[in-house]
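The contacts come before the overall fold.

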Amino acid sequence: MNAANSGIGMTSQRTRMRMVERLRGQGIRDEIILAAMGEVPRHIFVDEALASRAYEDMSLPLGFGQTISSPYTVARMLELLRSGGVLEKVLEIGTGCGYQAAVLSRLAREVYSVERLAPLLTKARRHLRDARAHNVRVRNADGNLGMPEQAPFDGIIVAAAAMHVPQALRDQLAMGGKLVIPLTHHGKQALHVIEKTAQGYVDRKVEVANFVPLLPGLG
Ligand code: SAH
């Protein structure tokens, strides 16, 4: 174990537990998610200079104009994705630093994650290895296309705001599967949950959101 995750000071297990209690206070109820977030060392996913702020309720810069979502946002999106059910195979669009993928690795059997910026992915791979998230496969690709060769997924989570739901992501949902995606409409963002049912797709708008934009192509 290296110094960064030896559990001292502002990055200790106790700090993580305080974050979990705060999430409870903010209304997160899914114990499986709270347990996973209590285990994943969020500080190893951010630059060393920011490590002491990793457990605060805020998004943090990752470089290249991108941000790691706040603990509440990650917890809320995962709660919507899981809805108390079992996740076998999930896809994340926007790996960023890999933190959300690492939490997902404790909730699902297989995790696939796509990132358009190659330099971010290089770091994410290292972070995921350090966090021992061995069931996560990452790829440098345009997430608008999903990952057709691994489909269908019983959950797809998009960590960047789209103008509309990419058709490929809808198509790659398993029956009963859920897509959690922030959508921008008239300049305002909201988190949506789209479920594939036997009667078609059911779209539910959940709450306001604040994400970086989902961009086309590779960076
Ligand atoms: N889940 C991440 C947060 C990612 S921020 C974490 O835990 O750190 C959103 C990410 O989406 C950024 O890294 C951005 O580069 C990426 N992104 C934006 N558009 C994309 C696209 N079309 N395909 C793949 N990744 C994309």
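A nitrogen atom of the ligand lies 3.3 Å from a polar backbone atom of Arg-116. This is a polar contact, meaning a pair of N or O atoms within 3.5 Å. The protein covers 99% of the 580 Å² of accessible area that the ligand has on its own. Accessible areas come from the Shrake-Rupley method with a 1.4 Å probe. The model is predicted: local features need pLDDT of at least 70, side-chain atom pairs count only at pLDDT 80 or more, and totals for chains, interfaces and linings use all residues. Residues are numbered from 1 along each chain as its sequence is written, and side-chain values use heavy atoms, with hydrogens and water left out.

**Ligand contacts**

- Gln-100 places a polar backbone atom 3.0 Å from an oxygen atom of the ligand.
- Cys-97 has a backbone N or O atom 3.1 Å from an oxygen atom of the ligand.

**The shell around the ligand**

- There are 26 residues around the ligand, each with a heavy atom within 4 Å of it.
- Gln-100, Glu-115, Asp-142, Gly-143 and Leu-215 come nearest.
- The shell has 13 nonpolar, nine polar and four charged residues. Ala, Val, Leu, Ile, Met, Phe, Trp, Tyr, Cys and Pro count as nonpolar, Asp, Glu, Lys and Arg as charged, and the others, Gly among them, as polar.
- Strand 2 (66-68), helix 4 (99-104) and strand 4 (108-115) each supply at least two shell residues.
- Strand 2 gives the most, with three residues.

**The pocket**

- The ligand takes up the space of the largest pocket.
- A pocket is an open set of points on a 1 Å grid over the protein atoms alone, where a 1.4 Å probe fits, with protein on both sides within 12 Å along at least five of seven lines.
- A molecule sits in a pocket if more than half of its atoms lie within 2 Å of its grid points.

**Overall fold**

- The protein chain has six helices and nine strands. These are DSSP runs, with helices (H or I) of at least four residues and strands (E) of at least two, numbered from the N terminus.
- The C-alpha trace spans about 50 × 35 × 35 Å along its principal axes.

**Backbone features in loops**

- The peptide bond from Ala-151 to Pro-152 is cis, with omega near 5 degrees.
- Pro-152 is in the loop between strand 5 (136-140) and strand 6 (153-158).
- Ser-83 is a residue other than glycine with a positive phi, near 45 degrees.
- Ser-83 is in the loop between helix 3 (71-82) and strand 3 (87-93).

Note on methods: A polar contact is a pair of N or O atoms within 3.5 Å; within protein, one must be able to donate a hydrogen and the other to accept it, and residues adjacent in sequence count only if both atoms are side-chain atoms. On a 1 Å grid over the protein atoms alone, a cavity is a set of points where a 1.4 Å probe fits but cannot get out, and a pocket is an open set with protein on both sides within 12 Å along at least five of seven lines; lining residues have an atom within 4 Å of a point.
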